[in-house]
Amino acid sequence: MDVYEYPLGEVLDGKKRYLIPLYQRRYSWETTHYTQLWEDIVDTARRRATSPNHTHFTGSLVLAAGLPDPGGMNTFTVVDGQQRLTTLSVLLIALRDHWAGVGDDQRRMEVEETYLTNRFQKGDAQWKLLPTQADRALYLGLVAGLHQDDPESRLDDAYRFFARQIKSLSSEGLEVADVQLAVLNGLHFVTITTRDDDNVYRIFESLNNTGLPLTQADLIRNLVFMRLGDRGEAAYDSLWQKLQDGLSPDDLVNLFWYDLLWRDPTTRRADTFDSQKRRIVKMEPEKVEDFLRHMERVARSLREMRDPSQVGESVVRRLLERSARWGASAAEPLTLRLLDEGRRGTFTSEQVADALHVLEGYLVRRFLVGATASGLGDILSEAAQKVPDEPDPGGFLLRFLSTGRRRFATDDQIRTAIATRNFYWSGKAAQKRTMLEWILDSHPSKESAIYEGTTIEHVLPQKLTPEWESEFAASLSADEDLELTYESLLHTLGNLTLTAYNSELSNRPFAVKRTELQRSSLPDNHDIAAAPSWGAPEIRDRAERLADRVIVHWRGPVATEAEPTDVERKWQLLAELTAAIPPGYWASYHDVALVIGSHAIAVGQRLAKTGQEGAWRVLRWSGEVNPGFSWPADSPQYDADPVDVLKAEGLLFGDDGRADLSRKLSADRLRALVGLADELVEEEEVGLDTEDGITFTMAGERRQLTVDVVRDRLGAAQPDPVGKYWVEVDGVRWPVKQAMSLALDLPSSEFQSWFARKHLDRLGFVVGGPAEEVEDARIG
């Protein structure tokens, strides 16, 4: 290995030519890069005016030297430094064109024949620099004085930049000739020349300390073409160019990563190059070409996935458009595998469409029940690995996704989620909007609906006017609390639709909304408008209808002999959970229901009549025993007071009959008791308990709250009169919304009462009000 320092003029002068090999990426410098270079050049020119020997270190050139040809021409392969060498060659072209423009033929010829071309040589040997094929035509056009627009090349941008800078030099008090001398004599490179082919790739792989970082796809390309040797040029034209066309740098990496996931679903994206390298280095050139053919075919499928308009089959095209709109990156390896197997002829178009529809249904159902994305990529990558061996890909996916803990939501779970889940504040805004559109679009009516420009509308408004409150109260049964029922139904799917005139509707009376909704192009809005009033029964009925449509349109999991039903699994988990609560501790109905995927009422009813182990350790959220709890007739504790049993186990109770809050187990701790620590509930709904307090997401913003913060901020204020719900802080009762407003430093209009009660309860504060009585009445 030879190491020398040379000025740019000496690097280019003489019988030399520099080849940028096929494995190098195309020219990719941007304005920021050549602006910095130009500033360095101008600074060097100014310094050389007073210190003629001043130089500027420009970087390194790593070269692989070939044997001189009979005419004495020395050819070097540029292993590293090609971006700077190309940029400076473009600058020399701009300088040559400047001299041509001012009629200085001597200087024009000096630049062209000394630094841009090899005089008296023919063919490729006449060019001092020969870029990689992707940039070659445009660069040689610039050398020849021709300017070609190429939106994918930055060479012309660099040329125009330097031409403008040269033209403006006189206004800066600099002569063009002085700048040219600074470029040729003041810019110095360290050249590292090796003749050991084995060292070339290792140097290229490790040397990238300046300029743009290499992507893993760059490294794979470099390795592939070094392995191909003389076959490289033909393979580049016939395979690599087609492979990379139309794909972003990120997608080039994804292409090689997804190919690895099909073999090993545990492969990390960061290991893409290393994993592919272990395969490629073992291949003979013929096998490397086969590998490129395979990747080029997969790249065609990836382009179709990114741009579904390229797909001929209409059903597959529509499903890909929906998938692209949904944006589930975890599903991409499986989607791409299905498309590629269709291209190979393994599956028919109908089979690909069926499998894509199953995949969409799986994602839709998971979203509706609030399943987190944790583990989703592993699940679907494993499916991508196995699906080519199955004769029926759609049927395989249904069976595969229905087994184990893959969170394929059942019909019962869908009905419960649509009826009770806070849909409006769950998940990403774009996905919520898309999901609602898809559900509304499944309406059995044949009328065409226009969704463009529509936004999510609450039929029952987010702020109740006296008229709305009166009408809603009239829709409730005698045992329903107005505020609790309103908050539980407000953001559910049964109360949401899409309209193009959200601001006009707002909290207007339902009679006004009916008129506007009737004018909508959406059949669902016509159904809402057909209702004489809008209250709890109408919201629940609509939720049932929407659930029916989801269940019909998106197939759910299939039952297997080895797997218990969803209800059986839920109650099995409940039994495991209550039995796992250690003596001296307790849990709330709410947190237990959260862990098993049920509702506090259903949990209370189940525990009240089954008498299963530990059921007496599940209490109301305030720490009181549910009045509806009773021991089974055959229980040895039949006549015992549950409080006495709990005290005997070591649980302390206050004079108010409430259990010690410090012994309350959170939902996360309950999950850990039954081995579900990794299956965390969606952060938007619950968040996480930590030693420093609680964290949660509110309107897309991550927040943290501690007991000390609540105490400090409430300590500087006075409580308002308590309405229905209160929280006790340091012996003082506060309205829950006022307390949370002060703690978060937000207006109370930004959240609902249930939100404040839930998170203050998580912090360990005693929260009370009529909600306890309503919950207990239902459970009992």
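Is Lys-513 buried or exposed? Select Lys-513 and look around: at 0% relative accessibility, it counts as buried. Keep in mind throughout that this is a predicted model.

**Stop 1**

Glu-457 belongs to strand S7 (residues 455–458) and Lys-513 to helix H24 (residues 510–518), so the pair ties together parts that are 56 residues apart in sequence. Glu-457 is buried too, because its relative accessible area is 3%, under the 20% cut-off.

**Stop 2: helix H13**

Now select residues 285–306, which make up helix H13. Find Asp-290 and Arg-293 there. Their side chains meet in a salt bridge, 2.8 Å from N to O. Both residues lie in H13, 3 residues apart, or about one turn of the helix. An α-helix has 3.6 residues a turn, so residues three or four places apart point the same way.

How accessible are these two? Asp-290 is partly exposed, with a relative accessible area of 38%. Arg-293, at 41% relative accessibility, also counts as partly exposed.

Stay on H13 and move along to Ser-301, which has its place in this helix. Ser-301 counts as buried, at 0% relative accessibility. Ser-301 and Asp-340 are 39 residues apart in sequence, yet their C-alpha atoms are 5.8 Å apart in space.

**Stop 3: helix H3 and what follows**

Select residues 82–101. This is helix H3, with 20 residues. At 1.5 Å a residue, H3 should span 28 Å; its end C-alpha atoms are 28 Å apart, so the two values agree. Next, turn on the surroundings. Of the 20 residues of H3, 15 are buried, so the helix is largely enclosed by the rest of the structure.

Step just past the end of H3 to Gly-103. Gly-103 takes a positive phi of about 80°. Then pick Asp-104 and Arg-107. Their side chains meet in a salt bridge, 3.3 Å from N to O. Asp-104 is partly exposed at 22% relative accessibility, and Arg-107 is partly exposed at 33%.

Now select Arg-96, Asp-97, Asp-105, Arg-108 and Glu-112 together. A network of salt bridges links these five residues. For the whole model, the count comes to 48 salt bridges.

**Stop 4: the open sheet**

Switch to a cartoon view. In what order do the strands of the 6-stranded open sheet lie? The order is S1-S6-S3-S4-S2-S5, and the pairing is mixed. At the edges are strand S1 (2–7) and strand S5 (129–130), each of which pairs on one side only.

Select S1 together with strand S6 (residues 187–194). They run antiparallel, and 6 bridges join them. For one of these contacts, pick Tyr-6: its bridge partner in S6 is Phe-189. In a regular strand the side chains alternate between the two faces of the sheet.

**Stop 5: a hairpin**

Jump to residues 726–729, strand S14, and residues 732–735, strand S15. These strands run antiparallel, with 4 bridges between them. Pick Glu-728 and look across to S15, where its bridge partner is Arg-733. Then look at the turn. The hairpin has 2 residues between its strands, and Asp-730 takes a positive phi near 55°.

**Stop 6: the cavities**

Finish inside the model. How many cavities of 30 Å³ or more does a search of the whole structure find? The search finds 4.

To locate the largest cavity, select Ser-323, Leu-356, Leu-359, Glu-360 and Leu-363. Among the 13 lining residues, these five lie nearest its centre. The elements that give two or more residues to this lining are helix H14 (314–326) and helix H16 (349–369). H16 gives the largest share, with 5 residues.

Colour the lining by residue type as a last step. The lining of the largest cavity divides into 9 nonpolar, 2 polar and 2 charged residues.

Terms used:
Residues numbered from 1 in each chain as written. Predicted model: local features only at pLDDT ≥ 70, side-chain atom pairs only at ≥ 80, totals over all residues. Heavy atoms only, no water. Expected span 1.5 Å × (residues − 1). Buried < 20%, exposed > 50% of the residue type's maximum accessible area, 1.4 Å probe, protein only. 1 Å grid on protein atoms, 1.4 Å probe; cavity = no way out; pocket = protein on both sides within 12 Å on 5 of 7 lines; lining within 4 Å. Points joined across faces, edges and corners; volume = space filled by probe spheres on them. Nonpolar A, V, L, I, M, F, W, Y, C, P; charged D, E, K, R; others polar. Pairing = 2+ DSSP bridges. Salt bridge = Lys/Arg side-chain N within 4 Å of Asp/Glu carboxyl O.
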